[in-house]
Amino acid sequence: MLRLEDVDISYGPIPALKEISLAIPQGQVVALLGPNGAGKTTLLRTISGILRPQKGTISFEGRRIERARTDKIVSAGIVQVPEGRQLFADLSVLENLRMGGFLRKDCDLQKDFDQVFSYFPVLRDRLSQAAGTLSGGEMQMLAIGRALVARPRLLLLDEPSLGLAPVIVQKLFTVIKDLNQRQGLTVLLAEQNAHLSLGISHYAYVLETGKLALSGTPGELRRNEAVQQLYLGTKTVVSHNKDRQIAASIRPLANVEEVRGEDRSDEDTH
Amino acid sequence: MNLARERTRWLIGISILGVLPFVLPGYWTYQLSLAGASVLAALGLNLLTGYAGQISLGHAGFLAIGSYVAGLLTSSFGGSWFWIALPLAGVITGLTGLVLFIPALRLGTIYLAIATLGFGAAVTQVLLKLSEVTHTYEGIKVPGPAIGEISLNRDLTMYFITAGVVLALLWIARNVVHAKLGRAFIAIRDKEIAAEAMGISLPQTKAYAFLISAFYTGIAGALHAHIVGIAQAEVFNLGTSIQLFSMIVLGGLASLPGSILGALFLSLLPELLKLLVASQQYYNVIYGVLYGGLLVLVIIFMPYGIWGYLVRTSFKFPKARKFLTGA
Amino acid sequence: MLKVNQLSKHFGGLKAVNDVSFEVRAGEIVGLIGPNGAGKTTVFNLISRFLAPTSGQIEFDGHHLFKYRASQVVHLGLVRTFQNIGLFPYMSVLDNLLLGQHRDFHAGIFSIALNLPKARREEALRTDEALKLLGSLGLATLQSSLVSSLPYGTQKLIEIARALMAKPKMLLLDEPVAGMTSFEKERIRKLIQKISADGQLSILLIDHDMSFVMELCDRVIVLSFGQIIAEGAPEEIQKNPAVIEAYLGEEAAVVET
Amino acid sequence: MENLWLYLQFAINGIANGCLYALMALGMVLIFKTTDVVNFAQADMTMLSTFVAYTALTSWKWPFAGALVAAIIAAFIVGLIVERFALRPAQNAPVISLLITTLGVALIINAVAGGIWGYQTLPFEYPLKGRLFSIGNLSFTKHNALTVVVALVLSLGFFAFLKFTKIGIAMRATAQNKLAARLMGINVDRISMLCWGIGAAIGAVAGVIITPTITGINLNVMVSVMLKGFAAAVLGGFTSLPGALVGGLLIGVIENLFIAIPVDWVGQFRETFVFALIILILTVRPHGLLGETAHRGT
């Protein structure tokens, strides 16, 4: 569905990404792993047309998009949930959702709103509240919801777990898995959290300082010793247990169950 | 900073300045003196805005105060007082600069812009009122500098005095910028919180920035009064403040050579244009479009000003770069 | 060295830091960990005086910290780094390092303005020290590079170097290895071990990289929802059920039992 | 008692003036919010469109309403052009430099307008004269009434536009988070251009209505109005549209009350006092009356 070939990007003199080639087949969840600063956000922003590659091609369903404007890319069906949520803080929840449908020609967004509320019922109670006053988990739900209103065919998720309590993360990942399995949504998931992402993905790429270091199926990567050392932190008891347990507990939802945010807005990241 | 190379640059500058009045007609000597005063004011504003990040749209107020202080002193006591009046104008203006530093402690850029703008307007109004009291509506007549009873040729003397003061204050600005104070200025401009964490006191640093900047501008005002021979409140208005601001942006923010280039360019541009365009009516239109157009184009093609552009371009020519940056 | 006593900070209704007490002894390396939003950076901001506390006291090296302003804390020998790098991007590496020693410049405005010998000597002396430090970190070639042109990991290293220029008694490091490659992490770990080897320097650090924290720290404090839930040696912390629960969330903890 | 009536009368005039400052402020705040540019060309853009209205009235003999519309359209187009050709190409420049870009634009417009309309003050004929009604010694002129009504309708309409239409919400969204706006498929460049157009058009309305009260129109007539609009915007918080309205009204009323005080020097130092008051208010509330308070974080 999406194919990157030999893509180079740099910020001024500093190269951010080098020779990136990857493919995302239709209907799959592909994980993009790597530590902070490895270039995951840069790559996602390049796909969305916010940044321009110096070299290489990006094609979506056979059409070249590496020089396309962001709004053209969005209307082609690639929608991104950016890192750090990036909500319109002073706009209400409803207005945020409406902006998700900015490019939609049909004006009937209600059905899409209802779908979002079925995943995240808590948003329905917050409709007229300013997005900036939501808790961290609710914000992430709104960010995902807003992207869903655009009816994406490829959803780019940038660090959805950032700064959220594990319980919330687990529920968000359940929704992502469900969107993929039931609605056939293709997902590119950029995450630091390797255990969790491997739990819901079909295939994964590992990015290290701007280069693709490895790729493989979740099983292959879990068995790879270098990956274990570098990204899964198997040396440490805590993070290992935590993530594996969460990953194990993610199954498709039997019934779409409520996901409510109980965590606190994180004062650490402002 | 390569000392030998720097010395060469200073020597070149001094000799050009020394020769100019003998090759140029008297009118241009006069214009160059005025441009020199602008250079000083631009240096002062750039230290404050370019280096320390504190915007000011009220520097005309400092020019006015400087010119009034010097003008009142020499018109009352005679031209031989010039030598005291000049530094005194700088010191008094510097101290009034501290008036602005108080709001600067609390206010962000745009809010400070309006506060300084108000300061400039207030100074003009107060000085106009003062002219009413002293019955000097048409301005204070300022005598030229004198030594004892001997008065000196005004244009030529003022040219050399201005040149000397510009060189001296340029050297001081260079010292300030390259030492701990200059580093503190940039630090509070870029990241106030990190600056505080390094032990830099915001109040103290901002106070120094305003003090020094107002001092430079006050000296510029005093020189202006003595070059022109008159100190008048309305001469320095919002337009002056904005022109000073354009000078440093055009030349290059946070750059001493940039301040000089921008100030020389904008103060001499109208004179140069007068040589080319005879008709008064066309002159106004052409001057406005040219000046405005230049500002727009420079920002588009040289976002960091003329000096920034020169330095960047010179990366392709290592020898030229060494000469320009001294590094 | 550092005594935090019943410290609280509330933002409106949010109790970001709630009745936190702990101590860092001289020469100790203490890790402050906890899930995002647990209040770690708030604790740092309180100690470095960028936030005023709702209640509580902090004592550093015998001084009551709340008597000092943010810019004075460094004079006591307490220096911090920042989560998103507190370097000045448009200054050279050398100038950044010199700023670390800002308080040690004593020349007055006149000797600076006139470039008098006193100011020049001081400048030369400090520059020398900074260059030595850069050399010992293997960064000597970068002295005149603009900070903004350097890779992230190097910037983090330079920020720690700048903090060292202030000759601190205690360092507060906010996520010193976040976003680094394993190679860069190793470099930072060695540096921290080296500077604290003589037992003269205390360090309080925040990080999410557990292996880094566990390997380096003498003691670890775990913060969750603004409160300390555990404190002890790294091995104890790793086994502590309350810590595991804080990281996993309630539901997952249930799964475990 | 006599004095009280006087003060009331000046306060009423002040509200009318304040409405115009508020409109100027509204235009500037809108442009600042979406493009981070403090538009110092607002005065000259307004002057230009007011001259267009003048030409429509005197040369083309259009009715007043028609001239107003002509001015609005002219301003809108000028706004679009300025954004597209002066500011958008300079996107990489530091924000502080963009202030200079707007000054450059102001100089160009001023020079061109001088070439076309000359340098004298031209009389601006105005259809609404005389008083609408009086209560006791208070008189409400038609002009004051029109000013208040226009300002009210325009700002309410504009707020409704921002609140309820898709483009309006997109403008607010762009003002808050450009990255997110682009990721939702909003063409941020086009929105910026639109904001410049609308900001200029709002200024044009203020210009056409205020000019008759200053007896005529010339090249620099709008500068002091813009500065007061700018001050009003800052007083209101500079990122707050309602703040711009509140700030404008406040400055209008205070300024007129200073005129009313029957002591010579008070009137003379009016501007100084107004600015001093603004600085005082800002020192207490550094982010303006309705501005967001900044959070001090790392």
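1. The loop between β4 (55-60) and β5 (63-64) of chain C holds C:D61. This residue has a positive phi of about 50 degrees, although it is not a glycine. C:D61 is partly exposed, with a relative accessible area of 30%. Keep in mind that this is a predicted model.

2. D:F238 is not a glycine, and its phi is positive, near 65 degrees. It sits in the loop between α9 (223-236) and α10 (241-260) of chain D. Is D:F238 buried or exposed? D:F238 is buried, at a relative accessible area of 1%.

3. The hairpin in chain D deserves a look. Strands β1 (residues 131-135) and β2 (residues 138-141) of chain D run antiparallel and are joined by four bridges. D:S134 stands opposite D:S139 in β2(D). Two residues lie between the strands of this hairpin, and D:G136 takes a positive phi near 55 degrees.

4. In chain B, B:K206 forms a salt bridge with B:E192. The closest N and O atoms are 3.1 Å apart. B:K206 lies in helix α9 (residues 202-228) of chain B and B:E192 in helix α8 (residues 192-197) of chain B, so the pair ties together parts that are 14 residues apart in sequence. The two ends have their own accessibility values. B:K206 counts as buried at 3% relative accessibility, while B:E192 is partly exposed at 32%.

5. In chain C, the side chains of C:D104 and C:K167 meet in a salt bridge at 3.9 Å, N to O. C:D104 lies in the loop between α3 (93-100) and α4 (109-113) of chain C, and C:K167 in the loop between α6 (152-165) and β7 (170-174) of chain C, so this pair ties together parts 63 residues apart in sequence. C:D104 is buried, with a relative accessible area of 15%. C:K167 counts as partly exposed, at 47%.

6. In chain D, D:E255 and D:K228 meet in a salt bridge at 2.6 Å, N to O. The pair links distant parts of the chain, with D:E255 in helix α10 of chain D and D:K228 in helix α9 of chain D, 27 residues apart. Both D:E255 and D:K228 are buried. Elsewhere, C:R25, C:E28, C:R219 and C:E231 are joined into one network by salt bridges that share partners.

7. Chain B as a whole comes next. It has 14 helices and four strands. Its radius of gyration is 20 Å, which agrees with the value near 20 Å for a compact globule of 327 residues. The C-alpha atoms of chain B fill a box of roughly 50 × 45 × 45 Å along the principal axes. Buried residues make up 58% of the 327 residues in chain B.

8. B:F77, B:W81, B:I84, B:L88 and B:I92 form a nonpolar surface patch, with about 440 Å² of accessible area together. Helix α4 (residues 82-106) of chain B gives the largest share of the patch, three residues. B:I92 is found in helix α4 of chain B and is partly exposed, with a relative accessible area of 33%.

9. Last, the chain contacts. Five pairs of chains are in contact, and chains B and D share the most contacts. Chains A and B do not touch, their nearest C-alpha atoms being 13 Å apart.

Definitions and conventions:
Residues are numbered from 1 along each chain as its sequence is written. Chains are lettered from A and ligands numbered from 1 in the order in which they are written. This is a predicted model: local features need pLDDT of at least 70, side-chain atom pairs count only at pLDDT 80 or more; totals for chains, interfaces and linings use all residues. Side-chain values use heavy atoms; hydrogens and water are left out. Patches are made of residues with over 30% relative accessible area and no salt bridge: like charges are joined within 9 Å, nonpolar side chains (Val, Leu, Ile, Met, Phe, Trp, Tyr) within 5 Å. Accessible areas come from the Shrake-Rupley method with a 1.4 Å probe; for residues, only the protein chains shown count as cover. A salt bridge is a side-chain nitrogen of Lys or Arg within 4 Å of a carboxyl oxygen of Asp or Glu. Buried means under 20% relative accessible area, exposed over 50%, partly exposed in between (1.4 Å probe, protein chains only). Contact means heavy atoms within 4.5 Å. The radius of gyration is taken over C-alpha atoms; the globule rule is 2.2 Å times the number of residues to the power 0.38. Two strands pair if DSSP finds at least two bridges between them.
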